[in-house]
Amino acid sequence: MAKFTPSLVAVALATAIAGCSPAEQQDPQVIINANPYPSTYHALPNSTMLLKNATVLTGTGERINDADVLIKEGKISAVGQQLVAEGAVIVDAKGKWITPGIIDVHSHLGVYPSPNAESHNDGNEMTNPVTAEVWAEHSVWPQDPGFNRAREGGITTLQILPGSANLIGGRGVTLKNVPATTMQAMKFPQAPYGLKMACGENPKNLYGSRNELPMTRMGNMAGYRTAFIQATEYKRAWDKYDADYAAGKNPVAPERDLMKDTLKGVLEGDILIHNHCYKAEEMAMMIDLGKEFGYHAGTFHHAVEAYKIADLLAENGNCAAMWPDWWGFKLEAYDMVLENVAMVDAVKNSCAIVHSDSGVTIQRLNQETAKIMHAANDNGFELTEQHVIGWITANAAKSLGISDKTGSLEAGKNADVVIWNTNPFSVYAQAEKVFIDGAKVYDRQDPAFQAQSDFMLGQQ
Amino acid sequence: MTRFTQSALAMSLSISLALSTNVAQAESVAIINATVHTATEQGVLNNATVVIENGTITAINPQSSQADKTIDAKGAMLTPGFIAAMNDMGLVEVGAVATSRDASDKEANITFDPSLAFNPKATTISFARKGGITRNIVTSGGGESIFAGQTFVVDLTGEFDSVIASNTGLFVQLGATDEGSRAMGMQQLIYKLDDAKKALSQESKTQKKAKDSSDEEPSREDRVIAAVLSGEKPLIVAVDRASDIIHLIKLKQDYDLDVVIVNGADAVVVAEQLVQANIPVVIDAMRNLPDSFDSLHNSLNNAGKLAKAGVKVAIALPGDSHSIYALRYSAGNAVANGMNYDDALAAVTANIADIFHLDSGRIAVGKPADLVLWSGDPFEFSSKVQKMWIAGEEQSLQSRQDELRERYLNKTDMPAGYR
């Protein structure tokens, strides 16, 4: 999205104007701080480490047997057979499997934490169908015991989203799954924000029951469009302000609007869409909604019917995040097939993801993936472990806009790594050791690396 | 991605069609060369033969058998059909569609019999068969009362005669409450049992005194409670916190009841007392978050810990029935987290049967021929159901989901609606 760039002509013109009239005194430029609640994350203590002799799934489609993974300064340094590293701590991983850290693109940990209590139900601002002004990070309770359980299942990165009650529910935040006393100490540095949107039954049922818009799916569409029309005007006003200011004028800054700030960020491509959207016909329209207003429709979450439009999703570069087997709780979730993810994945340029939306299944995205792989292979697919691991690593990282940093075991990426006791797609698989930025954050054999929430202390 | 399913599917469809026409269950079947997990003291029988006749297991490893049909299992695992419990199968088609929902009712009470709403054609049933489930204890979701209603037992044939028994147990929900005090619920249960016991003894005294007295009959409610007091019906109680479980243990002792604990997050805390009181626990083995202040002891280890302590454990996926096909994976996870493999198998077969007074759940002569032949370890994702029999009848393993998948995999020039 090209922002205003002063052309030579404009500069010349401004100079000319300044030349014939007394230079207008410029007030300080109003610049919106895009990062007022910055990450304070620091990697936990780590050292150079060589994980030896494992079956390695790189996340990029490769499987290397009897392979080593070298971690230096928190980054993947090398992956291959018979690596040597002076002074590295050696971890014998013979018989084990190594994968990238698991990434969940759809979690409500911290905003709908355990125990479930009114006091902590902070995930849905159900006061208006468009609440782009709320940020999930402002609701996160870092002591949610679910973060620890998820880490024990290999989750190293997760996106916390607002709920799906609203058409536009607010910003999501991507976290590193480290134990912390503040949200900001978990916040993934430089990860883009997400914006939660929701199609279908949830918004229309909630607001319809209050006799408010939206009461119908057409009301849903009207709601999104109205919001993006406002955002477009808002962006235009700021662009003009910035241009005028750059031209040496002293314009009055537009009135700040928190809701529209976020939508403007979407229009500028800085904030990525994460859209709760089950049904084929709705996803198709959401893709065109993005085109209508000049933004990309992003990732469809809970895309139960994605298999019906796999081609369309791939053509438009949309990821689809899916469950293996959730269905029947709503009519929009009726047409589940176990092979949905595999069918979306089978198309060229696809981006299929397995997500949880659950504090329970987030602990076993490897098993959720296994359900799909085996169901698909029973029905003519030929999926391999090295391929499907991408559904919960590399593709998830792509959806979150962090694939340059994590999601695969490639040299230079963050050393987010899981050592599994066996093939991670077995029901008996367990994450034995989990690393984030090269630091050990979980060890099944060592209680010193088994973090517990403050909440669980002293409970009898 | 190479695909070959079209012909395979067509074949399997024609097989299932052939099956459905073969309703008369006269022919006997011998399953040979099976690795039979009996879920009995017999344990595992290798290269074994199981003979089915007229819906029943009639022989195991007979000297000779002249079955009409022989199926060579080629070493594959044969288990009792898995039994699901405490879910709403056949009572809910789509959770959010009120008119497709019959599991709960505001006025649900002691006498509420949800089996009258059971739909054997619900799409959840064929999908659950894919997970090796052959029978199910269905329950009401309840209403405003602590008394949620009565359980009933179905098989998963999807036939109109699949309700095997109704009003089989009384389901009660206790513990944390959104309004008021949990004490009120416990008190209601105690009073109900106490009043009914007194009324019954009064009744028997009256009967002794004057057999011809035209006193009014006991109410329907009292008759249900009488069946609970006699131990004929289990008192199935959904409860989590240890202090509540302790009350139920006492209640069992005071009234000599057949108490079953469902959920039981804190059961591990009082495992010894549960063993002494001989109270079984039906547990969701995947539940490991402290989802309320009643369930701070939820853990993936609980199923194994309880079994090791000597508690009779059943594994279930209580509540929603859409994905109970995944019961076998819960058992697998219990094993991964310390449960003995045979205990886990019993937890979805023999133990469930014992707890809910079913005749199935084991491979033994005289038992109903509810059997599943697996392609591998039934708890593993890589395994699937090869064949399933319910009361001796082979079942289709196709569901609505298979038809949807095939429709969108096999593209033509015409819209999907024509495929």
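**Close-up views of a predicted two-chain model**

**View 1. Buried residues of helix H4 of chain A.** In this predicted model, the buried residues of H4(A) are A:Asn220, A:Gly223, A:Tyr224, A:Ala227, A:Phe228, A:Ala231, A:Tyr234, A:Lys235, A:Trp238 and A:Tyr245 (buried: 20 or more other C-beta atoms within 10 Å of the residue's own, with C-beta atoms placed from the backbone). They pack against strand E8 (168-176), helix H3 (201-208), helix H5 (258-267) and helix H6 (280-293) of chain A. Helices (H or I, at least four residues) and strands (E, at least two) are DSSP runs, numbered from the N terminus.

**View 2. Span and end of H4(A).** Helix H4 of chain A covers residues 217-246, 30 residues in total. From first to last C-alpha it reaches 43 Å, close to the 44 Å expected at 1.5 Å a residue (1.5 Å times one less than the number of residues). A:Gly248, with a positive phi near 95°, follows H4(A).

**View 3. Contact between chains A and B.** In chain A, 41 residues are in contact with 37 residues of chain B (contact: C-beta atoms, placed from the backbone, within 7 Å). On the chain A side, helix H2 (145-152) and helix H9 (365-377) are the elements that give two or more residues. H9(A) gives the most, with four residues.

**Notes.** Residues are numbered from 1 along each chain as its sequence is written, and chains are lettered from A in the order in which they are written. In this predicted model, local features need pLDDT of at least 70, side-chain atom pairs count only at pLDDT 80 or more, and totals for chains, interfaces and linings use all residues.

Definitions and conventions
Two residues are in contact if their C-beta atoms, placed from the backbone, lie within 7 Å. A residue is buried if 20 or more other C-beta atoms lie within 10 Å of its own, exposed if 12 or fewer, and partly exposed in between; C-beta atoms are placed from the backbone.
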